[in-house]
Amino acid sequence: MRRKPLIGLNMDYRPADKVNPAKGEIAAGYFDCLIRAQAVPVVVPPLTNRSDIECVLDTLDGFVLIGGADLDPIRDGCYRHAHTQVMHPRREDFDRMLAKLIGQRRMPVLGIGAGMQLLNVSQGGTLSLHIPDDFPTAIPHWDPQDPYHRHGLVVTKGSLIDRVYGEGEIRVASRHHMAILDLAPVFEATARAPDGIIEAIESRDPDWFAVGVQFHPECEAASALDLRVFEEFVESLLKRTGRHTAAIPA
(Lines give C-alpha, C1' and ligand atoms only; values in the text may rest on other atoms or scores of the structure.)
Protein backbone atom coordinates (compact mmCIF):
# COMPACT_ATOMS: atom_id res chain seq x y z
CA MET A 1 0.00 0.00 0.00
CA ARG A 2 1.20 3.50 -0.80
CA ARG A 3 1.99 5.82 2.04
CA LYS A 4 0.16 8.99 2.94
CA PRO A 5 1.97 12.23 2.01
CA LEU A 6 4.30 13.75 4.59
CA ILE A 7 3.49 17.44 5.12
CA GLY A 8 5.82 19.68 7.09
CA LEU A 9 4.65 22.28 9.60
CA ASN A 10 6.72 25.08 11.10
CA MET A 11 6.10 26.18 14.67
CA ASP A 12 6.28 29.08 17.10
CA TYR A 13 9.21 29.61 19.44
CA ARG A 14 8.78 30.89 23.00
CA PRO A 15 11.96 31.98 24.81
CA ALA A 16 12.57 31.04 28.43
CA ASP A 17 11.35 33.36 31.16
CA LYS A 18 11.73 33.38 34.94
CA VAL A 19 9.25 30.52 35.32
CA ASN A 20 9.17 28.52 32.09
CA PRO A 21 11.84 26.97 29.88
CA ALA A 22 12.09 27.82 26.19
CA LYS A 23 9.54 25.86 24.16
CA GLY A 24 8.20 25.23 20.68
CA GLU A 25 4.43 25.56 20.17
CA ILE A 26 1.88 24.92 17.46
CA ALA A 27 -1.91 25.10 17.52
CA ALA A 28 -3.35 21.60 17.28
CA GLY A 29 -5.75 22.67 14.53
CA TYR A 30 -2.95 22.64 11.95
CA PHE A 31 -1.90 19.03 12.43
CA ASP A 32 -5.40 17.80 13.24
CA CYS A 33 -6.69 19.18 9.91
CA LEU A 34 -3.85 17.51 8.02
CA ILE A 35 -4.56 14.20 9.75
CA ARG A 36 -8.25 14.49 8.83
CA ALA A 37 -7.20 15.27 5.25
CA GLN A 38 -5.32 11.93 5.10
CA ALA A 39 -1.80 13.34 5.37
CA VAL A 40 0.91 12.77 7.98
CA PRO A 41 1.97 16.05 9.62
CA VAL A 42 5.65 16.47 10.47
CA VAL A 43 6.32 19.37 12.85
CA VAL A 44 9.72 20.95 12.17
CA PRO A 45 11.47 23.00 14.88
CA PRO A 46 13.12 26.34 14.02
CA LEU A 47 16.38 25.02 12.60
CA THR A 48 19.31 27.40 12.24
CA ASN A 49 21.39 25.58 9.63
CA ARG A 50 20.42 25.75 5.95
CA SER A 51 21.74 22.26 5.22
CA ASP A 52 19.59 20.85 8.04
CA ILE A 53 16.51 22.48 6.52
CA GLU A 54 17.42 21.06 3.11
CA CYS A 55 17.77 17.61 4.69
CA VAL A 56 14.26 17.83 6.18
CA LEU A 57 12.70 19.12 2.96
CA ASP A 58 14.22 16.18 1.08
CA THR A 59 11.95 13.86 3.10
CA LEU A 60 8.68 15.80 2.68
CA ASP A 61 6.00 15.93 -0.01
CA GLY A 62 4.75 19.42 0.86
CA PHE A 63 4.68 22.06 3.54
CA VAL A 64 2.13 24.14 5.46
CA LEU A 65 3.41 27.51 6.68
CA ILE A 66 1.39 28.34 9.80
CA GLY A 67 0.08 31.64 11.08
CA GLY A 68 1.50 33.63 13.94
CA ALA A 69 2.75 37.04 14.96
CA ASP A 70 4.00 39.68 12.50
CA LEU A 71 7.03 39.46 10.24
CA ASP A 72 9.45 42.19 11.30
CA PRO A 73 8.98 45.05 8.76
CA ILE A 74 12.52 46.30 9.43
CA ARG A 75 13.87 43.23 7.64
CA ASP A 76 12.03 44.38 4.51
CA GLY A 77 13.21 47.98 4.69
CA CYS A 78 10.13 49.35 6.48
CA TYR A 79 9.43 50.62 9.98
CA ARG A 80 7.65 48.96 12.87
CA HIS A 81 4.10 50.21 13.16
CA ALA A 82 2.68 50.89 16.62
CA HIS A 83 0.50 47.79 16.18
CA THR A 84 3.35 45.53 15.04
CA GLN A 85 3.90 42.49 17.23
CA VAL A 86 6.91 40.71 15.78
CA MET A 87 7.46 36.98 16.03
CA HIS A 88 10.57 35.78 17.85
CA PRO A 89 13.73 36.24 15.73
CA ARG A 90 14.59 32.54 15.94
CA ARG A 91 11.29 31.61 14.32
CA GLU A 92 11.51 34.41 11.75
CA ASP A 93 15.08 33.51 10.77
CA PHE A 94 13.95 29.94 10.16
CA ASP A 95 10.68 30.86 8.44
CA ARG A 96 12.30 33.22 5.95
CA MET A 97 15.01 30.71 5.04
CA LEU A 98 12.41 27.95 4.82
CA ALA A 99 10.12 29.93 2.51
CA LYS A 100 13.03 30.80 0.20
CA LEU A 101 14.06 27.14 -0.07
CA ILE A 102 10.47 26.01 -0.67
CA GLY A 103 10.21 28.56 -3.49
CA GLN A 104 13.54 27.54 -5.01
CA ARG A 105 12.53 23.87 -4.95
CA ARG A 106 9.00 24.64 -6.17
CA MET A 107 7.78 22.43 -3.33
CA PRO A 108 3.99 22.26 -2.88
CA VAL A 109 3.05 24.70 -0.12
CA LEU A 110 0.03 26.07 1.70
CA GLY A 111 0.53 29.32 3.61
CA ILE A 112 -1.99 30.33 6.28
CA GLY A 113 -2.27 33.81 7.84
CA ALA A 114 1.29 35.02 8.43
CA GLY A 115 2.34 32.02 6.32
CA MET A 116 0.61 33.54 3.28
CA GLN A 117 2.24 36.90 4.00
CA LEU A 118 5.61 35.13 4.24
CA LEU A 119 5.08 33.46 0.86
CA ASN A 120 4.30 36.81 -0.73
CA VAL A 121 7.32 38.56 0.81
CA SER A 122 9.67 35.67 -0.05
CA GLN A 123 8.75 36.11 -3.73
CA GLY A 124 9.15 39.88 -3.84
CA GLY A 125 5.77 41.14 -2.65
CA THR A 126 5.09 43.73 0.07
CA LEU A 127 2.78 44.01 3.07
CA SER A 128 0.50 46.64 4.52
CA LEU A 129 1.74 47.19 8.07
CA HIS A 130 -1.73 48.06 9.37
CA ILE A 131 -4.94 47.68 7.37
CA PRO A 132 -6.71 50.85 8.63
CA ASP A 133 -3.77 52.99 7.45
CA ASP A 134 -3.64 51.65 3.88
CA PHE A 135 -7.30 50.70 3.45
CA PRO A 136 -9.36 53.36 5.29
CA THR A 137 -12.68 51.89 4.16
CA ALA A 138 -11.79 48.29 5.06
CA ILE A 139 -14.19 46.14 7.03
CA PRO A 140 -12.93 44.70 10.36
CA HIS A 141 -10.45 41.88 9.80
CA TRP A 142 -9.68 41.33 13.46
CA ASP A 143 -11.68 41.70 16.66
CA PRO A 144 -9.70 41.26 19.90
CA GLN A 145 -12.97 40.74 21.76
CA ASP A 146 -14.26 38.05 19.40
CA PRO A 147 -12.03 35.05 18.58
CA TYR A 148 -14.85 33.78 16.32
CA HIS A 149 -14.85 36.88 14.10
CA ARG A 150 -15.70 36.05 10.47
CA HIS A 151 -16.23 38.02 7.28
CA GLY A 152 -17.33 37.34 3.72
CA LEU A 153 -15.22 36.19 0.79
CA VAL A 154 -15.44 36.96 -2.93
CA VAL A 155 -13.86 34.09 -4.87
CA THR A 156 -12.41 33.83 -8.38
CA LYS A 157 -14.25 31.20 -10.42
CA GLY A 158 -12.23 28.11 -11.25
CA SER A 159 -9.68 28.65 -8.50
CA LEU A 160 -8.76 26.19 -5.77
CA ILE A 161 -10.69 28.32 -3.27
CA ASP A 162 -13.72 28.13 -5.58
CA ARG A 163 -13.44 24.32 -5.55
CA VAL A 164 -13.29 24.42 -1.77
CA TYR A 165 -16.32 26.60 -1.08
CA GLY A 166 -18.45 26.37 -4.20
CA GLU A 167 -21.63 28.40 -4.60
CA GLY A 168 -23.40 30.43 -1.92
CA GLU A 169 -22.34 32.85 0.77
CA ILE A 170 -18.84 32.27 2.13
CA ARG A 171 -17.65 33.44 5.52
CA VAL A 172 -14.18 32.77 6.90
CA ALA A 173 -12.38 33.18 10.23
CA SER A 174 -10.32 36.37 10.24
CA ARG A 175 -7.74 37.64 12.74
CA HIS A 176 -5.14 39.87 11.07
CA HIS A 177 -4.15 43.55 11.04
CA MET A 178 -1.52 43.23 8.29
CA ALA A 179 -2.31 42.25 4.69
CA ILE A 180 -0.79 41.96 1.24
CA LEU A 181 -0.14 45.36 -0.31
CA ASP A 182 1.81 44.52 -3.50
CA LEU A 183 1.29 41.00 -4.76
CA ALA A 184 4.41 39.10 -5.83
CA PRO A 185 4.46 38.53 -9.63
CA VAL A 186 4.38 34.73 -9.30
CA PHE A 187 1.00 34.86 -7.56
CA GLU A 188 -2.53 35.84 -8.49
CA ALA A 189 -5.25 36.82 -6.05
CA THR A 190 -8.06 34.25 -6.09
CA ALA A 191 -10.17 35.50 -3.20
CA ARG A 192 -10.75 38.89 -1.63
CA ALA A 193 -12.75 40.27 1.25
CA PRO A 194 -15.70 42.48 0.23
CA ASP A 195 -13.43 45.52 0.78
CA GLY A 196 -10.92 44.24 -1.80
CA ILE A 197 -8.22 43.04 0.58
CA ILE A 198 -6.52 39.89 -0.72
CA GLU A 199 -7.58 36.78 1.19
CA ALA A 200 -6.18 33.99 -1.01
CA ILE A 201 -3.36 33.64 -3.55
CA GLU A 202 -2.34 30.89 -5.95
CA SER A 203 0.79 30.41 -8.02
CA ARG A 204 0.78 31.41 -11.70
CA ASP A 205 3.70 29.02 -12.30
CA PRO A 206 2.39 25.67 -13.60
CA ASP A 207 5.42 23.97 -12.06
CA TRP A 208 4.74 25.27 -8.57
CA PHE A 209 1.65 24.31 -6.58
CA ALA A 210 1.53 27.13 -4.05
CA VAL A 211 -1.56 28.44 -2.27
CA GLY A 212 -1.98 30.99 0.48
CA VAL A 213 -5.01 31.97 2.57
CA GLN A 214 -5.13 34.99 4.85
CA PHE A 215 -7.99 33.50 6.86
CA HIS A 216 -7.71 30.59 9.30
CA PRO A 217 -9.37 27.31 8.22
CA GLU A 218 -7.66 25.46 11.10
CA CYS A 219 -8.91 27.56 14.00
CA GLU A 220 -11.67 26.92 16.53
CA ALA A 221 -13.93 29.34 14.64
CA ALA A 222 -13.61 27.38 11.39
CA SER A 223 -16.53 25.51 9.85
CA ALA A 224 -16.60 21.94 8.60
CA LEU A 225 -16.36 23.32 5.08
CA ASP A 226 -13.06 25.04 5.93
CA LEU A 227 -11.43 21.63 6.29
CA ARG A 228 -11.72 21.38 2.52
CA VAL A 229 -8.81 23.84 2.24
CA PHE A 230 -6.54 21.13 3.66
CA GLU A 231 -8.26 18.32 1.78
CA GLU A 232 -7.96 20.15 -1.54
CA PHE A 233 -4.29 20.88 -0.87
CA VAL A 234 -3.55 17.21 -0.11
CA GLU A 235 -5.65 15.92 -3.03
CA SER A 236 -4.04 18.32 -5.50
CA LEU A 237 -0.59 17.38 -4.22
CA LEU A 238 -1.35 13.69 -4.72
CA LYS A 239 -2.60 14.26 -8.26
CA ARG A 240 0.60 16.10 -9.13
CA THR A 241 2.76 13.28 -7.76
CA GLY A 242 0.79 10.58 -9.56
CA ARG A 243 -0.86 9.17 -6.46
CA HIS A 244 -4.53 9.07 -5.55
CA THR A 245 -6.31 9.18 -2.21
CA ALA A 246 -8.12 5.89 -2.96
CA ALA A 247 -4.77 4.09 -2.86
CA ILE A 248 -3.90 5.40 0.60
CA PRO A 249 -5.06 3.56 3.74
CA ALA A 250 -7.12 5.58 6.23
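Q: What volume does the largest pocket have, and how is such a space found?

A: Rolling a probe the size of a water molecule over the atoms shows where empty space is left. In this structure, which is a predicted model, the largest pocket has a volume of about 860 Å³.

Q: Which residues lie nearest the centre of the largest pocket, and how many residues line it?

A: The lining of the largest pocket is made up of 36 residues, and those nearest its centre are G67, G68, A69, R175 and H216.

Q: Which elements supply at least two residues each to that lining, and which of them gives the most?

A: Strand β2 (12-14) and the helices α1 (28-36) and α4 (114-122) each contribute at least two residues to the lining of the largest pocket, and β2 gives the most, with 3 residues. Sorted by class, the lining of this pocket holds 13 nonpolar, 13 polar and 10 charged residues.

Q: Turning to the aromatic rings, how many aromatic pairs are found in the whole structure?

A: Searching the whole structure gives 3 aromatic pairs. One of them joins Y165 and F215, whose ring centres are 6.2 Å apart; because their planes stand at 65° and an angle over 60 degrees counts as edge-to-face, this pair is edge-to-face. The two residues belong to distant parts of the chain, since Y165 sits in helix α6 and F215 in the loop between β14 and α7, 50 residues apart.

Q: Are Y165 and F215 buried or exposed?

A: A residue counts as buried when its relative accessible area is under 20%. Y165, with a relative accessible area of 6%, is therefore buried, and F215, at 0%, is buried as well.

Q: Why is the pair of F187 and W208 called tilted?

A: The ring centres of F187 and W208 are 5.8 Å apart and their planes meet at 40°, so the pair is classed as tilted. Because F187 lies in strand β12 while W208 lies in the loop between β13 and β14, the pair ties together parts that are 21 residues apart in sequence. Both F187 and W208 are buried.

How values were computed: Residues numbered from 1 in each chain as written. Predicted model: local features only at pLDDT ≥ 70, side-chain atom pairs only at ≥ 80, totals over all residues. Heavy atoms only, no water. 1 Å grid on protein atoms, 1.4 Å probe; cavity = no way out; pocket = protein on both sides within 12 Å on 5 of 7 lines; lining within 4 Å. Points joined across faces, edges and corners; volume = space filled by probe spheres on them. Helix = DSSP H or I, 4+ residues; strand = E, 2+ residues; numbered from the N terminus. Nonpolar A, V, L, I, M, F, W, Y, C, P; charged D, E, K, R; others polar. Phe/Tyr/Trp six-rings, centres within 6.5 Å; stacked < 30°, edge-to-face > 60°. Buried < 20%, exposed > 50% of the residue type's maximum accessible area, 1.4 Å probe, protein only.
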